[in-house]
Amino acid sequence: MTENKIPDTRQAWQQELSTAITRPEELISILDLDRGLLPAARVAARRFGLLVPRGYVALMTPSDPQDPLLRQVLPLAEELRSPPGFSTDPVGERAAVCAPGLLLKYQGRALLLLTGACAIHCRYCFRRHFPYAEDSVQLDRAAGAIRRLAEDPSLHEVILSGGDPLMLDDEALATLVDKLGAIPHLRRLRLHTRLPIVLPSRVTERLCRILSASRLQPVVVVHINHARELGPAARSVLEQLRNAGVLLLNQSVLLRGVNDTAHHLAVLSEALFECAVVPYYLHLLDRVLGAAHFELDEAMAVRFLDQLRTLLPGYLVPRLVKEIAGGPYKIPIG
Ligand code: SF4
(Lines give C-alpha, C1' and ligand atoms only; values in the text may rest on other atoms or scores of the structure.)
Protein backbone atom coordinates (compact mmCIF):
# COMPACT_ATOMS: atom_id res chain seq x y z
CA MET A 1 0.00 0.00 0.00
CA THR A 2 1.42 3.43 -0.90
CA GLU A 3 1.45 6.13 1.75
CA ASN A 4 -0.64 9.23 0.92
CA LYS A 5 1.64 12.14 1.68
CA ILE A 6 0.12 15.59 2.12
CA PRO A 7 2.15 17.88 -0.15
CA ASP A 8 4.05 20.65 1.67
CA THR A 9 2.80 23.83 0.02
CA ARG A 10 4.91 26.13 2.15
CA GLN A 11 7.59 28.14 0.41
CA ALA A 12 11.27 27.38 1.02
CA TRP A 13 11.61 30.23 3.51
CA GLN A 14 8.61 29.06 5.51
CA GLN A 15 10.02 25.55 5.68
CA GLU A 16 13.39 26.91 6.74
CA LEU A 17 11.78 29.04 9.43
CA SER A 18 9.89 26.05 10.80
CA THR A 19 13.27 24.49 11.68
CA ALA A 20 14.57 27.58 13.53
CA ILE A 21 16.12 26.98 16.94
CA THR A 22 13.85 27.74 19.89
CA ARG A 23 15.39 25.70 22.71
CA PRO A 24 18.38 27.21 24.56
CA GLU A 25 19.85 23.74 25.12
CA GLU A 26 20.03 23.17 21.37
CA LEU A 27 21.72 26.50 20.66
CA ILE A 28 24.23 25.93 23.45
CA SER A 29 24.94 22.42 22.25
CA ILE A 30 25.30 23.30 18.53
CA LEU A 31 27.75 26.07 19.37
CA ASP A 32 29.62 24.00 21.94
CA LEU A 33 29.07 26.58 24.67
CA ASP A 34 29.38 26.19 28.43
CA ARG A 35 26.26 24.44 29.75
CA GLY A 36 26.46 26.69 32.80
CA LEU A 37 24.65 29.27 30.62
CA LEU A 38 21.60 27.03 30.38
CA PRO A 39 19.61 27.60 33.60
CA ALA A 40 19.46 31.39 33.19
CA ALA A 41 18.85 31.08 29.46
CA ARG A 42 15.82 28.91 30.16
CA VAL A 43 14.37 31.39 32.66
CA ALA A 44 15.00 34.42 30.41
CA ALA A 45 13.52 32.59 27.42
CA ARG A 46 10.29 32.13 29.34
CA ARG A 47 9.88 35.93 29.32
CA PHE A 48 10.85 36.42 25.67
CA GLY A 49 11.34 33.23 23.70
CA LEU A 50 14.51 32.21 21.93
CA LEU A 51 14.14 32.15 18.15
CA VAL A 52 16.98 32.02 15.65
CA PRO A 53 17.16 30.55 12.13
CA ARG A 54 19.85 27.95 11.56
CA GLY A 55 21.42 29.90 8.70
CA TYR A 56 22.07 32.81 11.08
CA VAL A 57 23.56 30.45 13.68
CA ALA A 58 25.92 29.15 10.97
CA LEU A 59 27.47 32.63 10.83
CA MET A 60 28.45 32.44 14.53
CA THR A 61 31.84 31.29 15.81
CA PRO A 62 31.54 28.06 17.82
CA SER A 63 32.73 28.04 21.44
CA ASP A 64 32.70 31.82 21.68
CA PRO A 65 30.15 33.11 24.21
CA GLN A 66 31.08 36.68 23.20
CA ASP A 67 30.28 36.19 19.53
CA PRO A 68 28.49 39.39 18.44
CA LEU A 69 25.77 37.50 16.58
CA LEU A 70 25.18 35.09 19.46
CA ARG A 71 24.90 37.95 21.95
CA GLN A 72 21.96 39.33 19.98
CA VAL A 73 19.90 36.17 20.43
CA LEU A 74 21.04 34.20 23.49
CA PRO A 75 18.82 34.77 26.56
CA LEU A 76 21.01 35.75 29.54
CA ALA A 77 20.62 36.14 33.30
CA GLU A 78 21.12 39.92 32.90
CA GLU A 79 17.68 40.16 31.26
CA LEU A 80 16.05 39.36 34.57
CA ARG A 81 17.22 42.63 36.16
CA SER A 82 14.80 45.58 36.43
CA PRO A 83 16.98 48.69 36.64
CA PRO A 84 15.33 52.10 37.05
CA GLY A 85 14.46 53.91 33.82
CA PHE A 86 13.72 50.75 31.82
CA SER A 87 10.11 49.99 30.91
CA THR A 88 7.93 47.77 28.74
CA ASP A 89 7.03 50.62 26.33
CA PRO A 90 10.18 52.79 26.15
CA VAL A 91 9.16 54.87 23.13
CA GLY A 92 5.51 55.41 24.08
CA GLU A 93 4.09 53.56 21.10
CA ARG A 94 0.85 52.56 22.71
CA ALA A 95 -0.19 56.21 22.89
CA ALA A 96 0.34 56.55 19.10
CA VAL A 97 -2.14 53.83 18.12
CA CYS A 98 -4.99 55.48 16.17
CA ALA A 99 -6.68 52.40 14.70
CA PRO A 100 -5.95 48.71 15.28
CA GLY A 101 -2.41 48.20 13.96
CA LEU A 102 -1.97 51.81 12.79
CA LEU A 103 0.42 54.20 14.53
CA LEU A 104 0.75 57.88 13.71
CA LYS A 105 3.98 59.00 15.32
CA TYR A 106 5.45 61.47 12.86
CA GLN A 107 4.08 64.02 10.39
CA GLY A 108 3.27 62.61 6.94
CA ARG A 109 4.09 59.00 7.78
CA ALA A 110 2.03 56.15 9.16
CA LEU A 111 3.26 52.90 10.64
CA LEU A 112 1.30 49.78 9.89
CA LEU A 113 2.00 46.91 12.29
CA LEU A 114 1.11 43.89 10.23
CA THR A 115 2.10 41.03 12.44
CA GLY A 116 3.75 40.38 15.77
CA ALA A 117 5.87 37.61 14.31
CA CYS A 118 9.59 37.80 13.52
CA ALA A 119 12.07 35.26 12.21
CA ILE A 120 14.47 36.03 15.04
CA HIS A 121 14.09 37.34 18.57
CA CYS A 122 16.60 40.10 19.20
CA ARG A 123 17.10 40.37 22.94
CA TYR A 124 17.27 44.19 22.86
CA CYS A 125 14.08 44.63 20.81
CA PHE A 126 12.13 47.69 21.97
CA ARG A 127 8.90 45.90 21.06
CA ARG A 128 9.64 42.77 23.08
CA HIS A 129 6.71 43.62 25.37
CA PHE A 130 4.38 45.16 22.75
CA PRO A 131 0.85 43.71 22.91
CA TYR A 132 0.84 42.58 19.30
CA ALA A 133 -2.32 40.54 19.64
CA GLU A 134 -4.21 43.78 20.30
CA ASP A 135 -2.37 46.19 18.08
CA SER A 136 -1.06 44.45 15.00
CA VAL A 137 -3.17 44.06 11.91
CA GLN A 138 -3.82 40.61 10.62
CA LEU A 139 -4.63 41.25 6.99
CA ASP A 140 -8.22 40.12 7.28
CA ARG A 141 -8.91 42.96 9.67
CA ALA A 142 -6.68 45.58 8.03
CA ALA A 143 -9.63 47.34 6.43
CA GLY A 144 -9.96 49.89 9.25
CA ALA A 145 -6.29 50.87 9.07
CA ILE A 146 -6.37 51.17 5.27
CA ARG A 147 -9.55 53.28 5.43
CA ARG A 148 -7.88 55.59 7.95
CA LEU A 149 -4.85 55.93 5.63
CA ALA A 150 -7.11 56.74 2.69
CA GLU A 151 -8.97 59.43 4.67
CA ASP A 152 -5.86 61.42 5.60
CA PRO A 153 -4.31 63.28 2.63
CA SER A 154 -1.44 64.54 4.82
CA LEU A 155 0.04 61.03 4.76
CA HIS A 156 2.59 60.40 1.99
CA GLU A 157 4.48 57.41 3.25
CA VAL A 158 3.36 54.15 4.78
CA ILE A 159 5.84 52.09 6.77
CA LEU A 160 5.19 48.39 7.07
CA SER A 161 6.55 47.14 10.35
CA GLY A 162 5.80 44.54 12.98
CA GLY A 163 7.18 42.18 14.13
CA ASP A 164 8.51 41.82 10.64
CA PRO A 165 6.25 42.64 7.67
CA LEU A 166 8.01 40.07 5.49
CA MET A 167 6.57 37.35 7.71
CA LEU A 168 3.47 37.82 5.56
CA ASP A 169 3.55 35.65 2.48
CA ASP A 170 3.81 37.08 -1.02
CA GLU A 171 0.10 36.64 -1.72
CA ALA A 172 -0.92 38.70 1.29
CA LEU A 173 1.73 41.34 0.61
CA ALA A 174 0.68 41.67 -3.03
CA THR A 175 -2.93 42.29 -1.96
CA LEU A 176 -1.87 44.86 0.61
CA VAL A 177 0.55 46.68 -1.71
CA ASP A 178 -2.20 46.91 -4.35
CA LYS A 179 -4.58 48.47 -1.85
CA LEU A 180 -1.98 50.95 -0.66
CA GLY A 181 -1.02 51.82 -4.25
CA ALA A 182 -4.65 52.75 -4.91
CA ILE A 183 -4.54 55.52 -2.26
CA PRO A 184 -3.59 58.53 -4.40
CA HIS A 185 -1.85 60.65 -1.74
CA LEU A 186 0.60 57.89 -0.77
CA ARG A 187 3.97 58.20 -2.52
CA ARG A 188 6.33 55.84 -0.77
CA LEU A 189 6.17 52.34 0.62
CA ARG A 190 8.76 51.60 3.27
CA LEU A 191 9.43 48.20 4.82
CA HIS A 192 11.36 47.75 8.04
CA THR A 193 12.66 44.22 7.99
CA ARG A 194 15.41 41.98 9.27
CA LEU A 195 14.43 38.98 7.17
CA PRO A 196 16.78 39.59 4.20
CA ILE A 197 19.61 39.27 6.76
CA VAL A 198 18.44 36.51 9.09
CA LEU A 199 16.41 34.46 6.59
CA PRO A 200 17.60 35.49 3.10
CA SER A 201 15.41 32.88 1.38
CA ARG A 202 12.44 35.15 2.20
CA VAL A 203 13.47 37.45 -0.66
CA THR A 204 11.67 35.66 -3.46
CA GLU A 205 11.53 36.72 -7.09
CA ARG A 206 7.84 37.41 -6.59
CA LEU A 207 8.56 39.73 -3.67
CA CYS A 208 10.98 41.70 -5.85
CA ARG A 209 8.31 41.92 -8.58
CA ILE A 210 5.66 43.10 -6.10
CA LEU A 211 7.92 45.91 -4.94
CA SER A 212 9.13 46.97 -8.36
CA ALA A 213 5.64 46.88 -9.93
CA SER A 214 4.01 49.15 -7.35
CA ARG A 215 3.25 52.78 -8.15
CA LEU A 216 4.74 53.58 -4.74
CA GLN A 217 8.50 54.12 -4.51
CA PRO A 218 9.90 51.17 -2.54
CA VAL A 219 12.33 51.67 0.33
CA VAL A 220 13.60 48.75 2.40
CA VAL A 221 15.26 49.54 5.71
CA VAL A 222 17.19 46.50 6.87
CA HIS A 223 18.55 46.04 10.36
CA ILE A 224 22.18 44.97 10.60
CA ASN A 225 24.35 45.59 13.64
CA HIS A 226 27.56 43.81 12.76
CA ALA A 227 29.39 43.19 9.45
CA ARG A 228 29.46 39.43 10.07
CA GLU A 229 25.67 39.33 9.67
CA LEU A 230 26.25 40.00 5.97
CA GLY A 231 26.89 36.45 4.85
CA PRO A 232 26.93 35.42 1.16
CA ALA A 233 23.18 34.70 1.05
CA ALA A 234 22.23 38.06 2.57
CA ARG A 235 24.58 39.86 0.17
CA SER A 236 23.00 38.09 -2.78
CA VAL A 237 19.40 38.97 -1.88
CA LEU A 238 20.31 42.58 -1.18
CA GLU A 239 21.63 42.69 -4.74
CA GLN A 240 18.31 41.26 -5.98
CA LEU A 241 16.38 43.95 -4.12
CA ARG A 242 18.64 46.65 -5.47
CA ASN A 243 18.19 45.31 -9.02
CA ALA A 244 14.43 45.51 -8.45
CA GLY A 245 14.81 49.27 -7.95
CA VAL A 246 14.51 49.26 -4.16
CA LEU A 247 16.35 51.94 -2.19
CA LEU A 248 18.22 50.12 0.59
CA LEU A 249 18.97 51.75 3.93
CA ASN A 250 20.27 50.24 7.16
CA GLN A 251 19.54 50.96 10.76
CA SER A 252 21.66 49.61 13.57
CA VAL A 253 21.38 49.74 17.32
CA LEU A 254 24.51 50.58 19.29
CA LEU A 255 24.91 47.53 21.52
CA ARG A 256 27.45 46.82 24.23
CA GLY A 257 29.37 43.66 23.35
CA VAL A 258 28.14 43.64 19.74
CA ASN A 259 29.30 46.74 17.86
CA ASP A 260 30.68 49.02 20.57
CA THR A 261 33.84 50.30 18.91
CA ALA A 262 34.37 52.80 16.11
CA HIS A 263 36.35 50.11 14.29
CA HIS A 264 33.38 47.68 14.25
CA LEU A 265 31.04 50.42 13.09
CA ALA A 266 33.44 51.45 10.31
CA VAL A 267 33.77 47.87 9.08
CA LEU A 268 29.98 47.60 9.08
CA SER A 269 29.54 50.77 7.04
CA GLU A 270 32.10 49.59 4.48
CA ALA A 271 30.37 46.19 4.20
CA LEU A 272 26.98 47.85 3.79
CA PHE A 273 28.27 50.04 1.01
CA GLU A 274 29.65 47.00 -0.82
CA CYS A 275 26.01 45.82 -0.86
CA ALA A 276 24.67 49.22 -1.98
CA VAL A 277 23.04 49.77 1.41
CA VAL A 278 23.28 53.27 2.87
CA PRO A 279 24.10 53.44 6.60
CA TYR A 280 21.10 55.45 7.75
CA TYR A 281 20.57 55.37 11.51
CA LEU A 282 22.62 54.29 14.49
CA HIS A 283 20.15 54.18 17.37
CA LEU A 284 20.93 54.52 21.01
CA LEU A 285 19.31 51.60 22.78
CA ASP A 286 15.66 52.14 23.61
CA ARG A 287 15.43 51.52 27.34
CA VAL A 288 13.30 48.41 27.23
CA LEU A 289 13.03 46.17 30.24
CA GLY A 290 15.40 43.20 29.88
CA ALA A 291 17.99 44.94 27.70
CA ALA A 292 19.91 47.17 30.15
CA HIS A 293 23.11 45.14 29.74
CA PHE A 294 23.32 46.28 26.09
CA GLU A 295 23.30 49.98 26.93
CA LEU A 296 26.19 52.37 26.28
CA ASP A 297 26.03 55.88 27.60
CA GLU A 298 25.42 58.81 25.30
CA ALA A 299 28.84 60.42 25.82
CA MET A 300 30.57 57.24 24.72
CA ALA A 301 28.29 56.99 21.67
CA VAL A 302 29.21 60.53 20.67
CA ARG A 303 32.91 59.66 21.01
CA PHE A 304 32.42 56.68 18.66
CA LEU A 305 30.69 58.93 16.17
CA ASP A 306 33.57 61.43 16.25
CA GLN A 307 36.06 58.62 15.66
CA LEU A 308 33.89 57.25 12.87
CA ARG A 309 33.99 60.62 11.12
CA THR A 310 37.78 60.41 11.01
CA LEU A 311 37.65 56.91 9.52
CA LEU A 312 34.94 57.22 6.85
CA PRO A 313 33.61 59.57 4.19
CA GLY A 314 30.58 61.48 5.43
CA TYR A 315 28.10 59.42 3.41
CA LEU A 316 29.13 56.27 5.27
CA VAL A 317 28.61 57.77 8.74
CA PRO A 318 25.13 56.90 10.04
CA ARG A 319 23.07 59.45 11.94
CA LEU A 320 23.28 58.81 15.66
CA VAL A 321 19.78 59.21 17.06
CA LYS A 322 17.61 58.47 20.03
CA GLU A 323 13.87 58.23 20.25
CA ILE A 324 11.96 60.13 22.89
CA ALA A 325 8.42 59.07 23.67
CA GLY A 326 6.00 61.51 22.00
CA GLY A 327 8.82 63.41 20.19
CA PRO A 328 8.11 64.77 16.69
CA TYR A 329 11.13 63.00 15.18
CA LYS A 330 14.14 60.94 16.20
CA ILE A 331 16.53 63.21 18.05
CA PRO A 332 19.99 63.56 16.41
CA ILE A 333 22.95 63.35 18.80
CA GLY A 334 26.52 64.52 18.26
S1 SF4 B 1 13.56 41.50 14.03
FE2 SF4 B 1 13.11 43.62 14.67
S3 SF4 B 1 11.05 43.56 15.53
FE4 SF4 B 1 11.81 41.42 15.43
S5 SF4 B 1 12.75 41.02 17.43
FE6 SF4 B 1 14.40 41.74 16.08
S7 SF4 B 1 14.45 43.97 16.44
FE8 SF4 B 1 12.49 43.24 17.22
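The structure holds zero disulfides, in a model that is predicted. A disulfide is a covalent bond between the sulfur atoms of two cysteines.

**Cysteines**
- Cys208 is in no disulfide, and the nearest cysteine sulfur, which belongs to Cys275, is 15 Å away; a disulfide requires the two sulfur atoms to lie within 2.5 Å.
- Cys208 has a relative accessible area of 9% and is therefore buried, since buried means under 20%.
- Cys122 counts as buried as well, with a relative accessibility of 8%.

**Surroundings of the ligand**
- Around the ligand stand the residues Cys118, Ile120, Cys122, Cys125, Gly163, Arg194 and His223, and this shell divides into four nonpolar residues, two polar ones and one charged one.
- Gly163, one of the residues around the ligand, has its place in the loop between strand E4 (157–161) and helix H7 (170–181).
- The peptide bond that leads from Gly162 to Gly163 is cis, with omega near 20°.

**His121 and its contacts**
- His121 lies in the loop that runs between strand E3 (109–113) and helix H5 (132–135).
- A polar atom of the side chain of His121 lies 2.7 Å from the backbone oxygen of Gly49.
- If the neighbours within four places in sequence are left aside, His121 is in contact with Phe48, Gly49, Leu50, Leu51, Gln72 and Val73.

**Leu27 and its contacts**
- Leu27 is found in helix H2, which covers residues 24–30, and Leu27 is buried, with a relative accessible area of 0%.
- Once its neighbours within four places in sequence are left aside, Leu27 is in contact with Ile21, Leu50, Val52, Val57, Leu70, Val73 and Leu74.
- Leu27 and Leu38 are 11 residues apart in sequence, while in space their C-alpha atoms are 9.7 Å apart.

**Aromatic pairs**
- The structure holds three aromatic pairs, among them the pair of Phe273 and Tyr315, whose ring centres are 5.6 Å apart and whose planes stand at 55°, so that this pair is tilted.
- Phe273 lies in helix H11 (residues 262–274), whereas Tyr315 lies in the loop between helix H12 (298–311) and strand E9 (319–322), so the pair ties together parts that are 42 residues apart in sequence.
- With 45% relative accessibility Phe273 counts as partly exposed, but Tyr315, at 53%, counts as exposed.
- Tyr280 and Tyr281 form another of the aromatic pairs, and this one is stacked, with 4.0 Å from centre to centre and 25° between the planes.

**Positive phi angles**
- Most residues other than glycine have a negative phi, and most peptide bonds are trans.
- Ser63 has a phi near 65°, which is a positive value in a residue other than glycine; Ser63 is found in the loop between helix H4 (54–57) and strand E1 (97–99), and with a relative accessible area of 44% Ser63 is partly exposed.
- Ala276 likewise has a positive phi, near 60°, in a residue other than glycine; Ala276 sits in the loop between H11 and strand E8 (278–283), and at 27% relative accessibility Ala276 counts as partly exposed.

Terms used
Residues numbered from 1 in each chain as written. Predicted model: local features only at pLDDT ≥ 70, side-chain atom pairs only at ≥ 80, totals over all residues. Heavy atoms only, no water. Phe/Tyr/Trp six-rings, centres within 6.5 Å; stacked < 30°, edge-to-face > 60°. Helix = DSSP H or I, 4+ residues; strand = E, 2+ residues; numbered from the N terminus. Buried < 20%, exposed > 50% of the residue type's maximum accessible area, 1.4 Å probe, protein only. Near = heavy atom within 4 Å. Nonpolar A, V, L, I, M, F, W, Y, C, P; charged D, E, K, R; others polar. Polar contact = N/O pair within 3.5 Å; in protein donor to acceptor, adjacent residues only side chain to side chain. Contact = heavy atoms within 4.5 Å.
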